[in-house]
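The entries follow in the order I made them.

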Amino acid sequence: MDLQIAGRRAIVCAASRGLGKGCAAALAKEGVHVTIAARNAEALAATAEEIRNASGVEVTDVVADVTTAEGRAAVLEACPNPDILVNNAGGPPAGNFRDWSRDDWIKALDANMLSAIELIKATVDPMIERGFGRVVNITSGAVKAPIAVLGLSNGARAGLTGFIAGLAREVAPTGVTVNNLLPGPFDTDRIAQLIEARARNANMSVDDARKERMSENPMGRFGTAEEFGATCAFICSVHAAFMTGQNILLDGGYYPGTL
Ligand code: NAD
């Protein structure tokens, strides 16, 4: 299927590794020129080179922490008028809410709610003027089924989800769609960290903890960044023009509800 987005421009945040990289690679494969941002210059440059070689599109890499105003300004300077914006940032640490200070909450809100809203604010009006835009926010399955130890993530992402639900309807007549992608377990560095913590807490090997975690999923495996990216690219396509304000869960069937 031709997604009919070749030649469009995209910003993909937090894209040197994992799900962000999966989204950037999938968009590039469809002919979208991508500006990718992450904090680690070396990893980011290697990813940019990999995507460039695989797709032939323009790939611009911007070393930036997207949770800061300076970082976002650098990304917008490199790509001031994106047709597609994929919001993403690292997830907050797990823990007990009794230990979290106001600063911990502000950091989580900055990373997983406010940075996405700021980037939308800077890019959505030109998308509206051009009559085409796609905003995809990478959130978490924890928005649908909160996980107690990930309280910082549950709270911040729920805030973003509420905001997006309103925004998506506001801009619906303009050709701009706004959706959230909710990852369940995907095989990235983030899940490797969570598995290491599980292994430590349960006094088991990392390998056993990984197998145990996989066996909890109906598919008996984790998702791949490529699968995640392919869904993102479809949401950004012309064919998904009637889909907006949605929370799309990609979790191998882990969430047990009918809806
Ligand atoms: P990852 O750790 O594999 O990759 C994160 C990427 O983000 C890296 O490229 C890193 O350099 C970049 N990054 C992190 N913070 C950044 C910042 N402030 N500014 C710029 N770049 C930054 O993580 P992932 O698995 O790809 O997860 C992406 C998001 O999805 C995270 O918010 C994570 O919590 C969430 N999530 C992941 C899973 C999963 O199973 N992988 C499940 C649920 C939610």
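**Cavities**

I began with the second largest cavity, whose lining has two nonpolar, one polar and two charged residues. In this scheme Ala, Val, Leu, Ile, Met, Phe, Trp, Tyr, Cys and Pro are nonpolar, Asp, Glu, Lys and Arg are charged, and the others, Gly among them, are polar. The model is predicted: local features need pLDDT of at least 70, side-chain atom pairs pLDDT 80 or more, while totals for chains, interfaces and linings use all residues. Residues are numbered from 1 along each chain, and side-chain values use heavy atoms, without hydrogens and water.

I listed the lining of this second largest cavity as P185, R213, E216, N217 and Y254. A cavity is a set of points on a 1 Å grid over the protein atoms alone where a 1.4 Å probe fits but cannot get out, and lining residues have an atom within 4 Å of a point. Its volume, the space filled by probe spheres set on the points, is about 40 Å³.

I then took the largest cavity, at about 100 Å³. Of its 16 lining residues, N87, N88, A89, A111 and A116 lie nearest the centre. I noted that α4 gives the most to this lining, six residues; helices are DSSP runs (H or I, at least four residues) and strands are E runs of at least two.

**H33**

I placed H33 in strand β2 (residues 33-38).

Notes: On a 1 Å grid over the protein atoms alone, a cavity is a set of points where a 1.4 Å probe fits but cannot get out, and a pocket is an open set with protein on both sides within 12 Å along at least five of seven lines; lining residues have an atom within 4 Å of a point.
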